[in-house]
Structure formats: structure tokens, C-alpha cells
Amino acid sequence: TPRKDIVPHITERRTPCKTPAKVLEHARARLHVSAVPDSLPCREHEFDDIYTFVRSKILDGTGGCMYISGVPGTGKTATVTEVMSFLRKEVEEDEDFPEFTLVEINGMKLTEPHQAFVQILKNLTGQKATAEHASQLLEKYFTSAAGRKQPIVLLVDELDLLWTRKQGVLYSIFDWPSRPKARLIVLAIANTMDLPERIMMNRISSRLGLTRMTFQPYTFKQLQSIVQSRLEGLQAFEPDAIQLAARKVAAVSGDARRALDICRRATELAETTKPTGKSKGPLVGMKHVDAALTEMFSSPKIVAMRQASRHEQIFLRAIATEFKMSGLEEGSFEKVLIQHISICRLEGLHPPVVSEVAAVCSRLASCRLILLESGTNELKQRIRLNVSQDDVTYALRDHSE
Amino acid sequence: MSHLQEAFRKTFPAIMPKRNCRREPLGGSTIDRVQSILRRRVCRIEVPPKDIIEENLKEQRQHLVDLINRCAVRGESNSAIVTGPHGSGKTMLVSSVLREIESNPKVSKNLLIIRLNGLLQTDDKIAIQEITRQLQLDNVVGDKVFGSFAENLAFLLEALKRGSDTAQSVLFILEEFDLFAHHKNQTLLYNLFDICQSAQTPIAVIGVTRRLDVVELLEKRVKSRFSHRHIHVFNSLAFPAYKEVCKRVLTLPAEVGDAKFVKRWNQDIEALCSNATVHDVLKKTYQLDKSICRLQSLLLLPICKVTEDHPAIEAVDLVESSKHLGADSKAAMLHGISVLQLALVIAMKHLTDLYEGDPFNFEMLYNEYLKFVQRKAHVVQSFEKPVVLKAFEHLVSLEIVKPVDGHGSRTQKEYRAMSLLVTSAQLMDVLNTYPGCPSELKHWASNPLPS
């Protein structure tokens with residue numbers, strides 16, 4: 001086909017990207033999640049394990065599998081990529097070390113599990129084929145090592161997405177390494193630790209083997225040293241500010257991306273509030289980090305309820321009253337309507353017509369302060385609160401005009 | 001306006017308005033010009049100028065402008081979500097920011113803008129085709145995108161991966177962001193956020209949605225890649241400011257032409273806004289819904305009424321318009337039914353009261369109707385069963401009464417469990433205003449027959 005030689009690209013820039021000039025801009029550029037450092041702090045142990053595994057397999061000329069798990073943002077993919085670039089360097093420096101091919105696929109970047117075959121084949125040989133044909137070609141490729149010397153490292157990210165009913169894709173991926181001539185090393189990455197037991201058939205999890213590794217979420221000390229290592233040589237942050245961000249993130253998820261994002265947002269906030277600073281240039285302090293934390297972690301529901309219109313607030317109160325009276329966590333629109341009208345009467349407001357109250361109800365449902373059963377029978381539809389009843393009372397307590 | 005039209009207008013704001021209402025500075029009388037200026041404001045075709053938006057949304061706007069500027073100038077990737085209830089000005093905020101950016105050549109020549117809408121791009125396949133088309137990648141010929149879904153995705157990712165810092169920055173604006181989260185595996189969102197967080201083409205992803213809990217819809221690996229910047233927009237106007245907005249919407253600029261007319265009009269508006277009746281109408285609207293959208297629809301009718309014979313907006317117009325907006329649709333529907341159907345609705349009401357909200361069926365209803373008719377045979381004509389059934393089915397089709405178990409049930413229609421969707425207050429209101437309603441019916445409605 002004529003499209004074969006096209007190299008995809010996006011229109012080029014007119015002016016090149018500005019390089020950072022000020023301290024805070026430098027800090028921000030380094031704090032970006034994409035600015036992965038050459039060596040990852042706090043993951044030395046995992047690095048060693050994976051490195052020894054892959055290296056020994058390459059040197060022995062055998063195949064094998066390794067399953068790597070951990071919650072998002074704990075440095076799984078980054079560590080594996082680092083191992084690969086380290087091995088690559090070794091290939092260049094050490095003449096005895098055999099060349100190897102690296103093939104990367106990501107379950108989330110495929111439209112459908114069987115596309116994995118197409119991607120692997122394309123990365124290996126540059127051939128284009130349909131999923132079925134690609135699977136056959138790969139089968140042949142790994143059984144007969146005709147004219148091929150290099151070992152292959154296959155990196156499969158987001159493994160759980162490759163699950164199909166018959167699990168053919170997973171089976172193939174973990175079966176190839178056990179072929180005598182394949183010399184294939186598979187590194188599979190996913191989030192859950194018990195994935196092999198949970199979703200895979202026995203014959204697949206037995207092929208996957210027991211070489212497994214779990215990435216623990218970062219502790220606050222680790223997060224702190226990650227941020228500090230990125231900011232090395234830059235006077236941008238107060239040490240306490242970093243600690244606050246690290247402790248908060250470690251308490252919630254231990255996701256390094258989150259810690260970096262918070263610090264980056266804090267530098268932005270520090271930059272905008274700069275003029276008040278007197279002496280040695282802008283420094284990101286506790287208050288900036290704190291502002292960034294509240295911005296990223298807080299729920300806007302209380303504010304939304306406070307900013308709602310009078311009748312929307314009355315409707316929320318009517319729901320709370322109805323729940324208190326019935327003792328249930330669910331009420332029909334009809335019942336809430338009666339409460340709404342009686343609250344209106346109590347407060348000396350003219351009660352609105354049913355259509356208006358229904359509109360108020362659907363508005364609250366569209367921003368998910370309440371949950372509404374879908375359907376058109378308006379009087380009978382059931383309503384639930386999406387916030388706790390205490391939040392409703394708290395938000396509306398001193399706020400009715 | 002239908003959802004699709006609205007989605008289209010949001011996605012391609014530059015195309016729709018031009019085609020629909022081209023501004024005509026030359027032709028037409030003064031009144032026509034007044035109409036066209038005011039309508040452009042009220043129908044949300046015109047984005048209000050920067051300083052007006054900044055009155056309330058200064059921080060939010062600055063955050064967005066900074067974010068996009070940094071993406072375009074420094075190549076820093078970012079993601080953010082703009083949330084807020086309906087009519088709070090999310091899209092307006094974004095379009096105002098885009099306008100500012102387009103007028104700044106430093107930024108605009110390094111930035112490609114991709115607009116997507118969850119209502120139009122209902123799955124990832126369509127969304128990716130649309131992105132490819134708007135980016136004008138090489139597999140696009142004319143307006144047609146070639147290749148399968150998998151090829152398109154691979155091609156797009158490849159393109160975005162290749163141009164690390166030489167390529168133009170890309171700004172993605174995803175309207176109705178929550179609908180994108182319902183796509184299979186959230187592939188599109190994962191990939192966009194992943195590009196944001198890795199050293200590829202600099203992109204900025206801005207989601208616009210009403211749902212406050214949109215982040216909870218994201219899968220955990222997608223959520224981890226999202227940088228958790230929330231920009232909240234609320235209807236936070238206090239009532240005096242709300243009134244001020246109303247005045248500003250109606251006030252004419254000097255360029256209408258006829259200076260004398262403009263002066264008089266603006267004086268009239270001034271007087272109108274201090275009128276007590278208008279105050280009440282606005283207050284009532286404000287208490288129901290604080291959004292500017294509602295105010296605009298309230299003002300639309302009075303504006304349309306401005307003609308040569310009626311060259312100023314009066315308080316009566318606003319009152320009438322508010323009545324139109326606040327009409328009870330069910331009551332309006334009940335006004336149009338026949339006396340027999342009205343009798344049936346009353347019977348249903350009694351049944352609902354009697355069985356405390358439990359559903360009833362047609363046979364029970366017919367029985368109740370017969371009891372009434374037999375006692376008052378001299379006033380209300382008694383109808384045969386088929387006629388009553390027909391009347392009943394008409395009520396079902398109007399959805400005044402609905403089957404409890406949905407449409408799929410195979411029960412005979414006489415025995416289907418039904419529930420009434422009219423409150424007794426609504427019914428009483430209708431009976432009092434129904435033209436030529438027999439007094440027996442009214443009596444029956446308030447006093448159920450002894451069983």
C-alpha cells in the first residue's frame with residue numbers, strides 16, 4: 001500500500017520551547033513527572049533484582065518470565081526502563097555481552113487484546129499483518145530460531161488488559177519463553193499482586209512461574225528524597241514544605257506522581273504570590289504547599305452546596321428531613337416534594353410548582369450532589385444523597401439567607 | 001436546542017454562530033440592530049469581554065491562561081478539569097481563554113487546538129478519528145481518515161511520541177468530560193494523560209464537566225496520571241450582582257447608531273431595574289436558579305417582544321416571561337383532557353389515597369368510575385367499558401399514568417399495575433381552572449365516595 005513509508009509527525013513549532021531561566025522555572029521543569037532522572041532514588045533494591053534476573057537470562061541464553069506488580073505511581077515502568085537502558089550501555093561498553101532486542105507493548109495502548117501480536121511483530125520485524133496472521137508468524141518465529149542470535153526482552157505493561165475469555169494472548173506470551181530456542185525474556189507489569197491467581201487459568205499462571213516482585217508504595221521519607229533529588233542544587237523549596245507534601249501523599253496513596261504534581265503546583269502558586277516576598281528571592285513555603293494540597297485533595301461538594309440557589313438548598317434539606325423521618329437512605333421524589341413545600345411554607349416562601357422542583361432536582365443530580373434514578377416517571381423516581389447527611393446540615397447550617 | 005446541536009455549537013463555536021446569525025452592521029432599522037445585539041448576548045453566541053468574566057472568575061481564568069501559555073511556550077504538559085454546575089460559565093470561561101490565546105501570536109502559532117465533545121465522540125474510535133482529522137496527520141485525505149481503529153491509534157501515538165520538543169504543542173479540550181470516562185477501558189483518557197506525563201509532544205488536556213465527582217469515575221491508573229488540577233466554577237453571584245448583570249445585558253452600547261434612542265433605552269432599563277415588580281420577578285428566578293443561563297432565558301422573551309410599536313421593555317413583559325418559564329407542564333397537559341379522562345384521573349387519585357400509594361389496574365379504576373357514575377347518573381354521562389379503556393390508554397400515552405413494571409410486561413392491559421404521576425395539589429388546581437368543569441366532579445374530587 002502507498003501508506004507504508006509514511007512517518008507520522010505533527011507540524012513543527014515556529015519558535016523553539018523556551019528554556020527555564022528563573023529558579024522556580026528550573027524547579028518546575030525538573031519536578032515534571034516526565035523528567036525522569038537517570039537513576040531512580042529509593043528503588044535500588046528492585047533495580048538490582050530485575051537487573052540480575054534479566055542479565056543472567058541474557059548471558060545464559062535462556063528464557064524466563066517475571067511478574068512485577070504495585071499500585072500506580074510506584075516506579076515500576078521507570079525502573080524497568082532504567083534497567084533496559086543500563087543493559088544497553090553495557091552492550092556498548094562490554095564486547096562480550098550479547099546484543100539483545102527490546103520489544104515494548106502496553107495493554108492500554110491497544111484497542112483490543114489480540115492487537116498485541118500485531119504490535120510485537122511490528123516491533124520485531126517491521127512486518128504488518130492482521131492479528132491472526134501475526135500470531136501464526138510469531139509462533140513460527142519463536143519455535144524455530146532460524147538465523148537469529150539475539151535474545152529478546154519483551155516488556156508487557158498493563159498486563160491485565162490483555163485478558164480475553166480464552167486467554168489466548170496471555171497464554172502465548174507466557175508460553176513462548178519456555179520454548180527451547182526462543183531465548184525470550186518476558187517482563188510483565190500490572191497493578192494487582194494476585195492477578196495471576198485471580199484471572200489466569202492454571203496453565204498460564206504455572207508458566208508465569210514464581211519470579212515475582214512487588215513494588216511497595218513509597219513511604220514519606222522516600223517521597224521526600226525523591227523530590228529532594230530532583231531539586232538538587234536548586235534553592236527553591238523550604239525543607240519543611242517538601243516534608244508536608246511527602247507526608248500527606250504517603251498517608252493517602254504513596255503515589256510519586258501525586259507528590260511531584262503537588263510540588264509543581266506549589267511552585268506555580270509561589271510564583272504568583274511573589275511580590276510580597278522581601279529578601280532572597282521567591283521560595284516555596286509551607287503555605288504554598290498547603291494551598292496546593294487543599295486544591296488537589298479537597299472535595300468541592302460543601303462549597304457547591306453553599307453556592308446553590310435557595311430552592312436547591314431547601315430541596316437538599318427536604319431530602320435530609322425525609323430521610324430522618326423515614327429512617328431510610330432513599331426516598332421518592334413525591335415524598336421529598338411534600339417536605340420541600342412544607343419547608344417553603346415555614347420560611348415564608350411561595351412554594352414553586354412541581355415542574356420547577358423537578359428541574360431543581362435534576363440540576364442537583366447533574367452535578368452529582370444527589371443520585372437520581374434514570375427514567376421519566378418523575379414523581380416516583382427514587383432519590384439518594386451523594387453526600388453524607390451531616391455534610392448537608394453542616395453546609396447549610398449557617399447559610400440560609 | 002437539542003443536545004446534539006448544543007454539542008456541535010460547543011465544539012465548533014466558530015462555525016455555527018457565523019452561519020446562523022451573521023452580524024449585519026448595515027441593514028435594518030434601529031430596532032433590528034437592537035434586537036440583534038441583545039439576542040447575541042442572550043443566546044450565548046457572543047463571549048462576554050475579558051474584564052466581565054474576570055469580575056468573578058479571575059483566579060480560575062488566570063490558572064487556565066497560565067497553564068495553556070506554559071504548554072505552548074515552554075512545552076510543559078499539563079492536565080486540568082473545569083467543573084461546575086450547569087450554566088455557571090465553564091464553556092464561556094474556556095472560550096474566553098481561547099480567544100485571548102488566539103490573539104497572542106507568540107502562543108497561537110505554536111499551539112494546535114483540538115476540541116472534542118463527549119456527546120459527539122461517543123466512543124474512542126470516533127474520538128481518535130476526530131483527533132487525527134483535526135491534527136491533519138498524514139493518514140488524512142480531505143476529511144476522511146483511513147485505516148482501522150487500531151492502526152489509527154497506533155499512528156496517532158507514534159506521531160505524538162516522535163515530536164518531543166520540535167513539534168507544536170497540542171491543546172485538547174474535552175467537553176462533557178464525564179462521558180469520555182465511560183468509554184471502554186478509558187483508552188483515550190489513559191493515552192492522553194500518559195502523554196502528559198511523559199517526555200513526548202507537549203500537550204495540555206482540559207476537561208469540562210458538570211459532575212463534581214468526575215475523578216472517581218477514572219480508573220486508578222488513569223487517575224494516577226491525571227495531575228489533579230481542579231478548576232471550580234460556581235454560580236456565586238450575590239443577588240445585587242445578579243441584578244447588575246441583568247441591567248448590563250439589557251444596556252445598549254453606543255454603536256447602535258441612534259444616540260437619542262440609545263440614551264432613552266438605557267434610561268428605561270435603569271428605571272426598569274429599580275422597579276419593584278421586576279425586583280420580585282428577578283428575586284424569584286434567583287431563588288430557583290442562580291445561573292446566568294436562566295436569567296438569559298428569562299430575558300429572551302421580552303427582547304423578542306421589542307418592536308416598532310413597543311420600543312421598550314416593560315415590567316409586564318418580564319412577569320409574563322417568568323410565568324412562561326415557571327409553568328407547570330403537567331397542569332398544562334391536564335387542561336387539555338376530556339371530562340371523562342378528568343373523572344378517571346380523580347378516580348385514580350382516590351385509589352392511590354385508598355391504597356396508600358400502591359399501584360392499581362384498569363379494572364379497579366373502572367369499578368371506581370362505575371360507582372361514581374351510577375350515583376350521579378343524571379349529571380355525568382355513563383360510558384361503555386371500551387370507551388373508558390380508550391380514554392385510559394390516552395392518559396397512559398400522555399404519561400399522566402404509568403405502568404409500574406415498564407413496557408416489556410406481557411400482562412393484559414386491563415390488569416397492568418399502574419401508578420398516577422399527578423399530585424393531588426396539581427389535580428385540585430386544574431379542577432379549579434378547568435373550563436366548564438362539572439361541579440359534581442369537583443365535589444367528588446374532594447370527597448371520596450363511601451365504599
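This is a predicted model: local features need pLDDT of at least 70, side-chain atom pairs count only at pLDDT 80 or more; totals for chains, interfaces and linings use all residues.

Q: How much area do chain A and chain B bury between them?
A: Chain A and chain B bury about 7,000 Å² between them, and 53% of that lies on carbon and sulfur atoms. On the side of chain A, Ile10(A), Arg13(A) and Met108(A) lose the most area to chain B, together 11% of what that side buries.

Q: How many residues does each chain bring to the contact?
A: Chain A brings 74 residues and chain B brings 88 residues.

Q: Which helices of chain A supply residues to the side that touches chain B?
A: At least two residues each come from several helices of chain A, among them H1 (23–31), H4 (115–125), H11 (256–272) and H16 (354–366). H11(A) gives the most to that side, with seven residues. By class, the side of chain A that touches chain B has 26 nonpolar, 21 polar and 27 charged residues.

Q: Which residue forms a salt bridge with Arg28(A)?
A: The partner of Arg28(A) is Glu76(B), with the closest N and O atoms 3.6 Å apart. This pair crosses between chains: Arg28(A) is in helix H1 of chain A, and Glu76(B) is in the loop between helix H4 (50–74) and strand S1 (78–83) of chain B.

Q: At what angle do the axes of H14 and H15 of chain A cross?
A: In general, two packed helices are described by the angle between their axes and the distance between the axes. In chain A, the axes of H14 (residues 310–326) and H15 (residues 333–346) cross at roughly 115° and come within 8 Å. The crossing of H14(A) and H15(A) is right-handed. Residues of H14(A) that take part include Ile314(A), Phe315(A) and Met325(A), and those of H15(A) include Val336(A), His340(A) and Ile343(A). The residues of this contact divide into nine nonpolar, four polar and three charged.

Q: How far apart are the axes of H12 and H14 of chain B?
A: The axes of H12 (residues 239–250) and H14 (residues 276–288) of chain B are 11 Å apart, and these helices pack at an angle of about 115°. H12(B) passes H14(B) in a right-handed crossing. Phe239(B), Tyr242(B), Lys243(B) and Cys246(B) in H12(B) meet residues of H14(B), including Leu282(B) and Tyr286(B). Five nonpolar, two polar and two charged residues make up the contact of H12(B) with H14(B).

Q: Where does Asn266(B) lie, and which residues does Asn266(B) touch?
A: Asn266(B) lies in helix H13 (residues 259–273) of chain B. Leaving out residues up to four places away in sequence, Asn266(B) touches Thr251(B) and Leu252(B). Asn266(B) and Leu288(B) are 22 residues apart in sequence and 28 Å apart in space, C-alpha to C-alpha.

Note on methods:
Residues are numbered from 1 along each chain as its sequence is written. Chains are lettered from A and ligands numbered from 1 in the order in which they are written. Side-chain values use heavy atoms; hydrogens and water are left out. Axes are lines fitted to C-alpha atoms, for helices over the stretch in contact, and angles run from 0 to 180 degrees between N-to-C directions. Helices (H or I, at least four residues) and strands (E, at least two) are DSSP runs, numbered from the N terminus. A crossing is left-handed if the near helix is turned anticlockwise from the far one by less than a right angle, and right-handed if clockwise. Contact means heavy atoms within 4.5 Å. Ala, Val, Leu, Ile, Met, Phe, Trp, Tyr, Cys and Pro count as nonpolar, Asp, Glu, Lys and Arg as charged, and the others, Gly among them, as polar. Buried area is the accessible area (1.4 Å probe) that two parts lose on being put together, summed over both. A salt bridge is a side-chain nitrogen of Lys or Arg within 4 Å of a carboxyl oxygen of Asp or Glu.
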